[in-house]
Amino acid sequence: MPIRRTHRKSRHGCKACKQRRVKCDEARPVCSNCQQREEECEYVTDASYIWAEEAPPRPSRRRRERRTFDEGESPRQAPFRILERSGPGALSVSLDMTQLRLLVNWQHETCQFFSRDTETRIVWQIYLVEEALVSPPLMHGILAVSALHLALSEQSDQALWLETATAHKGEALQFLREGLGRVTDANARSMMGLSALVVAYAFGSALADTEISDTDKPSLEALNNVFVLCRGVHEITNQAYTVLRQSNFGPLFSPGDPSLAVPDYIKASFDHLDQLNAEFLQHGNHDAATYSHVIEVMRDLAGHAFTQPNSMTLAAGWAIRATPEYLRYLQAKEPFALVVHAHYAGFLHSAKGNCFLQHWGRSVLEDIIGLLDERWKSYIGWPITEVFGEG
């Protein structure tokens, strides 16, 4: 019986090759078959072959020698042909310019929203991308958040960027869901980085998508859902804290001492919360320990709202560290939980220059004000002033 020759399947071939049932080398933006036939080359998906499980085969020397530049080459093709020469060692490279733009945008712009100082910026700008080069799901997460950033900040092509962000997010989320219960030393950094990206995406997508339901738009209820999502980040960091702390991601776990940047009126507002917490303990069933913890965490993070006002540090950091007990009180609309949350909304509003946060603080505080009576409203003077101004 003759031995059947093995071959590589073309899973991401262009439409023309699929219709002719011939093997496509998947070169972007124009495969070699379409180039030879001088036909338009169109792919079913925008995803480049760099996301495929297998790389496409390199063209033969004979084929490479035929693929030369000529005066009739379309302007659409020329910028993508980075290097092409005939002879031994010849190389032909095609690039997905959309993905390159997203990666450049991440390293120059988007990563700043995640950074609180020079050390942490290096983590988000350099080390995270290095990790993503060996972890495609993490790369999808970076590209998703970068595309969402463009959708939120650019006046043109918003629909295109939002569609791109949604596609990459879907690829990243599957990996995160499957890996939550299986964090290892090998995947800890990619899992931690991806989970943080998902939190930022949750904030930003509520601002970008005009077709989502009212319950998913910035509100107290939508913020509760983000906090539940943040528990996943907390679980990952707990499972792999030592590994992460000793890796090049270590600066993310060394917040330093930003307390000197906190203005006196903010310190006084925290002191007032502590005083109220102690007083309510004397009046009956009041979980002072839980409230003391979340107030102290917010106090520790408050300085970042002034040293790096547009950073996600406080917004995500406090959400990640909020305990399940506090979240239960919040979901039950306990008045003191709403008072504490109103202060968090004030800090969210102070970071409104962050495109992923924008009017989150105002929307959440409006909902909280609608739930509190006049007595409890008297305890949220600073957040009201911060969001709505004096008077």
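In the predicted model, Glu38 counts as exposed, at 75% relative accessibility. The residue is found in the loop between α2 and α3 (61–66), and its phi is near 55 degrees, a positive value in a residue other than glycine. Most residues other than glycine have a negative phi. A second case is provided by Arg21, which is not a glycine and yet has a positive phi of about 55 degrees. Arg21 lies in the loop between α1 (15–20) and α2 (32–37), and with a relative accessible area of 78% this residue is exposed.

Helix α2 also holds Cys34, a residue that is buried, with a relative accessible area of 1%. Leaving aside neighbours within four places in sequence, Cys34 is in contact with Cys14, Ala16, Glu39, Glu40 and Cys41. Cys34 and Cys17 are 17 residues apart in sequence, and their C-alpha atoms are 7.9 Å apart in space. A search of the whole structure finds 0 disulfides. Cys17 accordingly is in no disulfide, and the nearest cysteine sulfur, that of Cys14, is 3.5 Å away. This distance exceeds the limit for a disulfide, which requires cysteine sulfur atoms within 2.5 Å. Cys17 is buried, its relative accessible area being 0%. Cys31 is likewise in no disulfide; here the nearest cysteine sulfur belongs to Cys34, at 3.7 Å. For Cys31 the relative accessible area is 0%, and the residue is buried.

Of the 391 residues in the protein chain, 49% are buried. The chain exposes about 20,200 Å², of which carbon and sulfur atoms supply 51%. Among contacts between residues at least 6 apart in sequence, 66% join residues at least 24 apart.

The packing of two helices was examined in detail. Two packed helices are described by the angle between their axes and the distance between the axes. Helix α9 (residues 220–239) packs against helix α16 (residues 335–350) at an angle of about 90 degrees, and the two axes are 13 Å apart. Angles of 65 to 115 degrees count as roughly perpendicular, and α9 and α16 are therefore roughly perpendicular to each other. On the α9 side the contact is made by Leu220, Leu223, Asn224 and Phe227, and on the α16 side by Leu338, His341, Tyr344 and Leu348. By residue class, this contact of α9 with α16 comprises 6 nonpolar residues, 2 polar residues and no charged residues.

Helix α9 also contains Thr237, which counts as buried at 11% relative accessibility. Not counting residues up to four places away in sequence, Thr237 touches Met192, Leu244 and Phe253. Another threonine, Thr323, is placed in the loop between α14 (313–321) and α15 (324–331). Although Thr323 is in a loop, this residue counts as buried, at 16% relative accessibility. With residues up to four places away in sequence again not counted, Thr323 touches Arg231, Thr290, His293 and Val294.

Pro136 is in helix α6 (residues 136–153) and is partly exposed, with a relative accessible area of 40%. The C-alpha atoms of Pro136 and Ala172 are 8.2 Å apart in space, while the two residues are 36 residues apart in sequence. Leu162 is placed in helix α7 (residues 158–179) and counts as buried at 18% relative accessibility. The limit for a buried residue is under 20% relative accessible area. Between the C-alpha atoms of Leu162 and Leu148 the separation is 5.9 Å, and these residues are 14 residues apart along the chain.

Methods. Residues are numbered from 1 along each chain as its sequence is written. This is a predicted model: local features need pLDDT of at least 70, side-chain atom pairs count only at pLDDT 80 or more; totals for chains, interfaces and linings use all residues. Side-chain values use heavy atoms; hydrogens and water are left out. Axes are lines fitted to C-alpha atoms, for helices over the stretch in contact, and angles run from 0 to 180 degrees between N-to-C directions. Helices (H or I, at least four residues) and strands (E, at least two) are DSSP runs, numbered from the N terminus. Angles under 35 degrees count as roughly parallel, over 145 as roughly antiparallel, 65 to 115 as roughly perpendicular and the rest as oblique. Contact means heavy atoms within 4.5 Å. Ala, Val, Leu, Ile, Met, Phe, Trp, Tyr, Cys and Pro count as nonpolar, Asp, Glu, Lys and Arg as charged, and the others, Gly among them, as polar. Buried means under 20% relative accessible area, exposed over 50%, partly exposed in between (1.4 Å probe, protein chains only). Accessible areas come from the Shrake-Rupley method with a 1.4 Å probe; for residues, only the protein chains shown count as cover.
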